[in-house]
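Subject: Structure handover

Hello,

Please find the sequence and the structure below. My notes on what was found follow after them.

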Amino acid sequence: VGGLVVVNDMGHQVNTAQAEVAALAELASAQGHILARSDHAQLPLLATDGSSAGMVVFSRSSGQVAVGSHDLVGMAGGTRYDCFLVRGSSLTLIGWMDDAGDVASWVGQAPAGVTLGNAGDRIVVQADVPGAAPVLSGTF
C-alpha cells in the first residue's frame, strides 16, 4: 500500500512539473514575440517588501501582454490572483493569473480600448478576495 502512495505522489509531481514547463514555455514564447517588436516595454513587478517578483512585457501596437511571477502565496491552495491596470482611481482587469507549480502567469491581449504604459499607471496583482491589497505592483 505504501508503494502505491509513493507512485501516486510521483505521478502528481510529474503532472505538476509538466504543467509548469508548459506555462513557462507559453510565457517565454509570448515574451519573445513581444520583445521582438520595436514598441515593446517592460515593467518589473515588486513584492510588498520591495523584492523583484515578476515582470510585465507588452507591445502598444499589438496589444499583446505577458505577466509572469513566481511563488504567489496561496495559489496552490486555490486562491485566484487577478492582474489589474490602475489609472487614477480606476481598476481595469487585465486577466487572471494561471498557476503552474511555482509559476503564475497571464498571456493575452490588453482589454479593448486600454493602452498600457502611461506615466503614473500601475499594474497590480492581488488575490481575488474582498479587501485584498496588491501583493505585486509596478508603476510606469
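Two strands are said to pair if DSSP finds at least two bridges between them. Helices (H or I, at least four residues) and strands (E, at least two) are DSSP runs, numbered from the N terminus. This is a predicted model, in which local features need pLDDT of at least 70 and side-chain atom pairs count only at pLDDT 80 or more, while totals for chains, interfaces and linings use all residues. Residues are numbered from 1 along each chain as its sequence is written, and side-chain values use heavy atoms, with hydrogens and water left out.

Strands β8 (122-127) and β9 (134-139) are antiparallel and share 5 bridges. Within this pairing, Val125 has Leu136 of β9 as its bridge partner. The two strands form a hairpin with 6 residues between them, and Gly131 in the turn has a positive phi of about 75°.

β9 also pairs with β1 (residues 40-47), again antiparallel, through 2 bridges. Here Leu136 in β9 stands opposite Ala47.

From β1 the pairing continues to β2 (52-59), in the antiparallel sense and over 7 bridges. Leu45 has Gly54 in β2 as its bridge partner. This hairpin has 4 residues between the strands, and Gly50 takes a positive phi near 90°.

β2 and β3 run antiparallel too, joined by 5 bridges. Val56 stands opposite Val67 in β3. The hairpin of β2 and β3 has 4 residues between the strands, with Gly63 at a positive phi near 80°.

Nonpolar cores

For burial I use relative accessible area: buried means under 20%, exposed over 50%, and partly exposed in between (1.4 Å probe, protein chains only).

A nonpolar core is a set of buried Ala, Val, Leu, Ile, Met, Phe, Trp, Tyr and Cys residues joined through side-chain atoms within 4.5 Å. In soluble globular proteins, nonpolar side chains tend to be buried together. The largest core here has 22 residues, and those with the most contacts inside it are Val56, Val65, Val67, Met97, Leu116, Ile123 and Val125. Two or more residues each come from β1, β2, β3, β4, β7 and β8. Apart from this core lies another, of 5 residues, among them Leu27, Ala30, Ile34 and Ala66.

Val125 deserves a separate entry. Contact means heavy atoms within 4.5 Å. Leaving aside neighbours within four places in sequence, Val125 is in contact with Leu45, Leu72, Tyr81, Asp82, Cys83, Met97, Pro134, Val135 and Leu136.

Salt bridges

A salt bridge is a side-chain nitrogen of Lys or Arg within 4 Å of a carboxyl oxygen of Asp or Glu. How many salt bridges does a search of the whole structure find? The search finds 4.

In one of them, the closest N and O atoms of Asp121 and Arg87 are 2.6 Å apart. Asp121 lies in the loop between β7 (103-109) and β8, and Arg87 in strand β4, so the pair ties together parts that are 34 residues apart in sequence. Asp121 is buried, at a relative accessible area of 3%, whereas Arg87 is partly exposed at 33%.

Asp128 and Arg80 meet in another salt bridge (2.9 Å, N to O). Because Asp128 is in the loop between β8 and β9 and Arg80 in the loop between β3 (64-70) and β4 (81-87), this pair ties together parts 48 residues apart in sequence. Asp128 is partly exposed, with a relative accessible area of 42%, and Arg80 is partly exposed at 35%. A network of salt bridges links Arg80, Asp82 and Asp128.

The side chains of Asp39 and Arg37 also form a salt bridge, at 4.0 Å from N to O. Asp39 is partly exposed at 25% relative accessible area, and Arg37 is partly exposed at 33%.

Aromatic pair

Rings of Phe, Tyr and Trp (its six-membered ring) pair if their centres lie within 6.5 Å; planes under 30 degrees apart count as stacked, over 60 as edge-to-face and the rest as tilted. The count by this rule is 1 aromatic pair. The rings of Phe58 and Phe140 have centres 5.5 Å apart and planes at 90°, so the pair is edge-to-face. Phe58 lies in strand β2 and Phe140 in the segment after β9, so the pair ties together parts that are 82 residues apart in sequence. Phe58 is buried, with a relative accessible area of 2%, and Phe140 is partly exposed at 24%.

Regards
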